[in-house]
Amino acid sequence: MTGNKLGVYDAIVVGGGHNGLVTAGYLAKSGLKVAVFEARHTVGGCAVTEELWPGFKISRLSYVNSLFRPEIVADLKLKNFGFEMLPRDPSSFTPFPDGRYMLLGPDKKMCLEQISKFSKKDAENYPRYEEMLSEISEILEPMMAMVPPNIGKLSFSDFMTYGKFGFKNRHKIKENWGDMFRLLTGSATDLLNDWFESDELKSTLATDAVIGANASPSMPGTAYVLFHHVMGECNGVRGVWGYMRGGMGGLTQSIAKSCQALGVDVFTDTPVQKIMVKDGKAVGVIAKGGREYQAKVVASGVDPNVTFNKMMDEHDVPAEFMRNVRRINYDSASVKINLALSELPNFTACPGMFGPQHRGTIHICPSTQYIEEAYADSITGRPSRNPILEATIPSSIDDTLAPKGQHVMNIFTQYGPYSLKTGTTWEQEKEAYGKRCIDIMNEYAPNFKKSILHMEVLTPPDMEREWNLTGGSLFHGRLTLDQMFNMRPVPGYADYRTPVKGLYMCASGTHPGGGVMGTPGLNASKVILKDFSRL
Ligand SMILES: Cc1cc2nc3c(=O)[nH]c(=O)nc-3n(C[C@H](O)[C@H](O)[C@H](O)COP(=O)(O)OP(=O)(O)OC[C@H]3O[C@@H](n4cnc5c(N)ncnc54)[C@H](O)[C@@H]3O)c2cc1C
């Protein structure tokens, strides 16, 4: 990629994850000269497609999309650059050890029939449950795109923005207050027990509540994680998750191409070593090889720990701020397994070599007790003996990902804690962990093991090493209420600004958090543009 010969920019974005790219795109669209510096060989961060084995294109970390904001797709004209979402119908398939299975998805009639196999009462309640989530999404989703007010520094415009929001939504808030408050603070188990009796349905739904959280669904705060994963849309249909054509790299490559069309210089294989500060103001970065690049604005698209502890001198940042940065919890216990398959799994519960059971997320979590036990292993510091598996086969609807007749599979698993207390390292454990996951899947689809051509296992330390994710945290810090909204990344700095003038945060460590959403990047760009002329 080309660079500006003088190395002088209006804005430099550190990290070419999707949020860094979104920030760069909006700044360039407003006429700023922007550069993005990415440490890896490709942009995209956690949303990348890489050809790990000849012919097999793998979404190495994230693998499904729903949260990415449609306004960004429109503003940056991403469809002109290859952005294409492929809806999944059905969206999930859960086989059970007793030979039954459940399919769920956007087709309401199918959901009614499928849930009725387990509980008629739950089948009747399910549309009302979805309606409740949808109503709360309608209230909370607009808040995701609002810059959180900094407590103690409330401006007139904060009062106006939040006042207007509260007034406009007052009836909806009043009607949904009980459910909304429980969603924000309570446990997924309590929420699901409130609505349903069938353990099969509850265990399927509960998996969304524990993603990246290193928490069990009975722990307070997990209802929000569940909710965080049911916001969003696919091609205008609310709550539906889709694949990106070409894998998740299809999404980030479209942003990168849009950025380049807007004149952004994108440097890959160029880690930033240091954010330069002069007289209390960010003035640029030092990249690989010691080369200096100057800018009026530096926007950090990496997590707060990497930004402040690894890229800055301690004396450049106030001690009180650093104290809060060091308190951020990055606890995570997700392990990702990527596979190339010679054929699709043939499930005993729902036999067939190609069918609806292959299109959505395949959940292997036979009961809510199974999830609790899987978590119990993790808190004792060992990888779960019976991990929860969420498997997807995007090649079942996207023929660009694997050679004809063959397939790629993502298995997202919980719980493999970052720090093991087994007396062993992840390097020693990970092959056995991968094999255990395969054995579990093989119990449900007996042709599975022999269909595996290649396997990659990525543990939390691997994610830290290769993507610079502190603790392997997929959300750049846990998504718990103590680290949300105006507490994210730290109290007093939820508005994407930092104590260093000209330095901004623009990635998942800021409001509204992780997931391939783009909202942190979008919100940060608005704040930067507001400040730019005064810097
Ligand atoms: C295993 C896994 C599965 C997931 N599944 C999903 C999913 O299916 N759907 C979903 O919506 N979300 C999912 N997520 C979460 C989601 O992918 C992330 O929250 C999101 O992509 C983070 O985007 P970001 O731009 O904020 O940061 P990142 O994607 O972390 O980007 C930061 C970038 O900065 C770069 N960088 C780091 N240090 C430096 C440096 N010194 N100099 C220059 N560059 C640097 C990194 O290489 C990276 O490219 C998943 C995450 C993981 C890990």
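So, which two domains does the ligand lie between? Let me get the housekeeping out of the way, then we'll come to that. What you have up there is a predicted model, where local features need pLDDT of at least 70, side-chain atom pairs count only at pLDDT 80 or more, and totals for chains, interfaces and linings use all residues. Residue numbers run from 1 along each chain as its sequence is written.

Okay, the overall picture. The chain has 16 helices and 20 strands; helices (H or I, at least four residues) and strands (E, at least two) are DSSP runs, numbered from the N terminus. The radius of gyration is 23 Å, close to the 24 Å from the globule rule for 535 residues, so the chain is as compact as a globular protein of that length. That radius is taken over C-alpha atoms, and the rule is 2.2 Å times the number of residues to the power 0.38. Along the principal axes, the C-alpha trace spans about 70 × 55 × 50 Å.

Now the domains, with bounds from an automatic or database domain assignment. We have domain 1 (8-47 + 61-84 + 247-328 + 477-532), domain 2 (119-240) and domain 3 (334-415 + 417-458).

Back to the opening question. Domain 1 and domain 3 both give residues to the shell around the ligand, so the ligand lies between them. There are 40 residues around the ligand, and Gly15, Gly17, Gly45, Ser62 and Gly514 come nearest; a residue is near if its C-beta atom, placed from the backbone, lies within 6 Å of the molecule. Helix 1 (18-29), strand 15 (334-341) and helix 15 (460-467) are the elements giving two or more residues to that shell, and helix 1 gives the most, with three. By class, the shell has 21 nonpolar, 16 polar and three charged residues. For the classes, Ala, Val, Leu, Ile, Met, Phe, Trp, Tyr, Cys and Pro count as nonpolar, Asp, Glu, Lys and Arg as charged, and the others, Gly among them, as polar.

The crossing is right-handed, that is, the near helix is turned clockwise from the far one by less than a right angle. Among the residues that meet are Val22, Tyr26 and Leu27 in helix 1, and Leu522, Ile528 and Leu529 in helix 16. That contact divides into eight nonpolar, five polar and no charged residues.

The C-alpha centres of domain 1 and domain 2 lie 26 Å apart, and 22 residues of domain 1 are in contact with 20 of domain 2, contact being C-beta atoms, placed from the backbone, within 7 Å. Helix 16 gives the largest share of domain 1's side, four residues.

Last, some backbone details. A cis peptide bond joins His511 and Pro512, with omega about 0 degrees, and Pro512 is in the loop between strand 20 (503-505) and helix 16. Another cis bond joins Asp89 and Pro90.

Conventions:
Contact = placed C-beta atoms within 7 Å.
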